[in-house]
Amino acid sequence: MPLPAFPIKTRRLVLRRYAADDLDALHAVQSREDVTRYLYWGPRTREEVEKALAERIGLTALSVDGARIVLAVELAETGALVGDLTLFLVSKEHRTAEIGYIFHPDHAGHGYATEAAAELVRIAFDHLDMHRVVARLDAANTASSRLLERLGMRKEAHFVRNEYVRGRWADEAVYAMLASEWESAKTAEPFVRGLPGDA
């Protein structure tokens with residue numbers, strides 16, 4: 001599936017491809033326990049982050065089911081890397097994509113994650129013509145649940161202790177939005193604030 005041209009600018013952020021010189025900034029995010037608490041993997045060493053960065057740089061297309069791209073999110077004003085976004089192609093036939101995001105806690109409370117995730121949803125629906133966008137997360141991650149609800153996504157499922165993750169049984173929550181629901185959601189906050197070209 002043809003992707004939009006990057007970088008993409010929102011009101012305060014730049015969404016772009018990863019580059020080799022992002023290693024230090026990515027390590028600063030992925031090495032933290034409070035960042036990885038609800039992820040499948042724990043804090044990463046510099047060597048592990050170096051491998052993860054090389055993988056991110058190599059992800060350039062959504063050509064087959066299961067493919068993904070990962071975008072760096074930086075502040076437009078300073079160029080500081082504050083997090084990243086992932087877009088998965090779940091099914092080309094069924095026009096379904098999945099979104100994911102990781103943000104540095106030092107930049108929490110400013111709405112950056114919501115602004116960036118809103119743009120990722122816009123790409124999925126308006127550019128890639130998806131029928132459905134989903135998000136899966138550890139149900140204990142209430143901050144992430146609130147973000148998805150701000151985007152207008154609805155909770156579709158709560159699976160109890162269905163995955164054994166890093167030494168514990170974890171519940172999984174699933175959120176989703178249809179293209180028809182997106183048409184209503186994108187005219188309201190936070191989408192209006194986050195879309196490119198907005199003042």
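Visitor: Why is G100 called buried?

Guide: In this predicted model, G100 has a relative accessible area of 16%. Buried means under 20%, so G100 falls in that class.

Visitor: Where does G100 lie, and which residues does it touch?

Guide: G100 is placed in strand β5. Leaving aside residues up to four places away in sequence, G100 touches D84, L85, T86 and L120.

Visitor: Why is F88 called partly exposed?

Guide: The relative accessible area of F88 is 27%. Partly exposed covers values between the 20% limit for buried and the 50% limit for exposed, so F88 belongs to that class.

Visitor: What makes F88 and E98 a pair that is separated in sequence, and how far apart are they in space?

Guide: F88 and E98 are 10 residues apart in sequence, and their C-alpha atoms are 5.0 Å apart. F88 is part of strand β4, residues 81-91. Not counting residues up to four places away in sequence, F88 touches A67, R68, T96, A97 and E98. Contact here requires heavy atoms within 4.5 Å.

Visitor: How do you know that the length of helix α4 agrees with its number of residues?

Guide: Helix α4 comprises the 16 residues 112-127. At 1.5 Å a residue, α4 should span 22 Å, and its end C-alpha atoms are 21 Å apart, so the two values agree.

Visitor: What makes α4 largely enclosed by the rest of the structure?

Guide: Of the 16 residues of α4, 14 are buried, and therefore the helix is largely enclosed by the rest of the structure.

Visitor: Which residue with a positive phi follows α4?

Guide: That residue is D129. Its phi is near 60°, a positive value in a residue other than glycine. Most residues other than glycine have a negative phi. D129 lies in the loop between α4 and β6 (132-138). Its relative accessibility is 47%, so D129 counts as partly exposed.

Visitor: What is the phi of R95, and why is R95 called partly exposed?

Guide: Phi of R95 is near 50°, which is positive in a residue other than glycine. R95 lies in the loop between β4 and β5 (96-103). Its relative accessible area is 33%; that value is between 20% and 50%, so R95 is partly exposed.

Visitor: What makes the peptide bond between F6 and P7 cis?

Guide: Omega of the bond that joins F6 and P7 is about 5°, and the bond is cis. Most peptide bonds are trans. P7 lies in the segment before β1 (8-9).

Visitor: How many helices and strands does the protein chain have, and why is the chain called as compact as a globular protein of its length?

Guide: The protein chain has seven helices and eight strands. Its radius of gyration is 16 Å, close to the 16 Å that the globule rule gives for 199 residues, so the chain is as compact as a globular protein of that length. The C-alpha trace spans about 40 × 40 × 35 Å along its principal axes.

Visitor: What share of the residues in the protein chain is buried?

Guide: Buried residues make up 47% of the 199 residues. The protein chain exposes about 9800 Å², of which carbon and sulfur atoms supply 52%.

Definitions and conventions. Residues numbered from 1 in each chain as written. Predicted model: local features only at pLDDT ≥ 70, side-chain atom pairs only at ≥ 80, totals over all residues. Heavy atoms only, no water. Helix = DSSP H or I, 4+ residues; strand = E, 2+ residues; numbered from the N terminus. Expected span 1.5 Å × (residues − 1). Buried < 20%, exposed > 50% of the residue type's maximum accessible area, 1.4 Å probe, protein only. Rg over C-alpha atoms; globule rule 2.2 N^0.38 Å. Areas by Shrake-Rupley, 256 points an atom, 1.4 Å probe, with all protein chains shown as cover.
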